[in-house]
Amino acid sequence: MAGGSSLMDLESVRKSLVRQEDTIIFNLIERSKYPMNSPLYHHPTNFSPSLFHFFLKESEALQAKAGRYISPEENAFFPDNLPSPLLPPLNHTHVLHPAGACININDKILDMYLNTLLPLIAAKGDDGNYATTAATDLDCLQGLSRRIHFGKFVAEVKFRDAPDDYTPAIRAKDREGLMKLLTFESVEEMIKKRVEKKAMMFGQEVDGQENEYKVDPCVVSQLYGKWVMPLTKLVQVEYLLRRLD
C-alpha cells in the first residue's frame, strides 16, 4: 500500500490506521517484557550519545540501505545523512503534495516515548538486556511514527474530497480553524475505547488473575487520547498549511 493510489480514499486510510493499532499494541506488549533499563538511555558525557541513540541511528542507517525510507510512509528519527539505498527504488505513485511530504515530527514522538510513555509500560529495574530492549524500543518508535505521520495521507485525502472546506483556512494560515475542521470528538472517543479493548484482548494474562494485563489498557487509551491523535492532527495541520504551496 506504500503511498499508492489504494490510499486515496478515506475508507482505505481508516482500515490502515486500524491495522496499525494492532502493531502498536503488540509492540508495547513486547517492550513491557523488559524493565526500564535506564543505563541504556544515559549519556556518558554531555557530548556523547546514549547507547539507545547509537542503536537507533545505526539501525536506521542499515534500514536506509535496504530502502526503508524510500517509502513515503516512513520517516527517520535521524534523517540527515542517511546512506543511499543499495537496491533500485520502487516506482511509488506520488500521492503526497511535495511541500508537505517532508514533514517530520519525530523529535516530539521520541521525547514523548522516552520521557512519558516508557515509564508507564516498563517496570523499574535493570536486567542488563540492553540490546534486546533497544530493539523493542525501535519497533515501538517506528510503529508510532508511522501511525502519526500517516496524518499526511489523511490530510491529503480530506483535502481532495473537499478542497473548498479547507482552502480559506489554509490561505489565512488559520491553524486553529484547521484543527477544528479536523477534530471529531465522537470518533476520537470511539478510537480510545477500541484500542483499550484491543489491549485487553491482546494482553490478557491467560494463566493470571482476571483483569491482569501485560500492558495497562488505560495507558493505551491514554496514549491515543493525549499523544497519538493530537500529534496526528498536528501533522495534518502542518501538511494542509503547505498544500497550496
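View 1. Beyond its neighbours within four places in sequence, Lys158 is in contact (heavy atoms within 4.5 Å) with Leu10, Tyr166, Leu182, Phe184 and Gln236. This is a predicted model: local features need pLDDT of at least 70, side-chain atom pairs count only at pLDDT 80 or more, and totals for chains, interfaces and linings use all residues. Residues are numbered from 1 along each chain as its sequence is written, and side-chain values use heavy atoms, with hydrogens and water left out. Lys158 is buried but has no salt bridge. Glu188, the nearest side chain of opposite charge, is 8.3 Å away. Lys and Arg count as positive, Asp and Glu as negative; His and the chain ends are not counted. Buried means under 20% relative accessible area, exposed over 50%, partly exposed in between (1.4 Å probe, protein chains only). A salt bridge puts a side-chain nitrogen of Lys or Arg within 4 Å of a carboxyl oxygen of Asp or Glu.

**View 2. The salt bridge between Arg194 and Glu21.** Its N to O distance is 2.6 Å. The pair links distant parts of the chain, 173 residues apart: Arg194 lies in helix α9 (residues 185–202), Glu21 in helix α1. Helices are DSSP runs (H or I, at least four residues), numbered from the N terminus. Glu21 is buried at 2% relative accessibility. Arg194 is partly exposed at 22%. Glu21, Asp22, Arg194 and Lys198 form a network of salt bridges.

**View 3. The salt bridge between Glu176 and Lys180.** N and O are 3.8 Å apart. Both residues, Glu176 and Lys180, are exposed. They sit four residues apart in helix α8 (residues 175–182), so about one helical turn separates them.

Note on methods: Helices (H or I, at least four residues) and strands (E, at least two) are DSSP runs, numbered from the N terminus.
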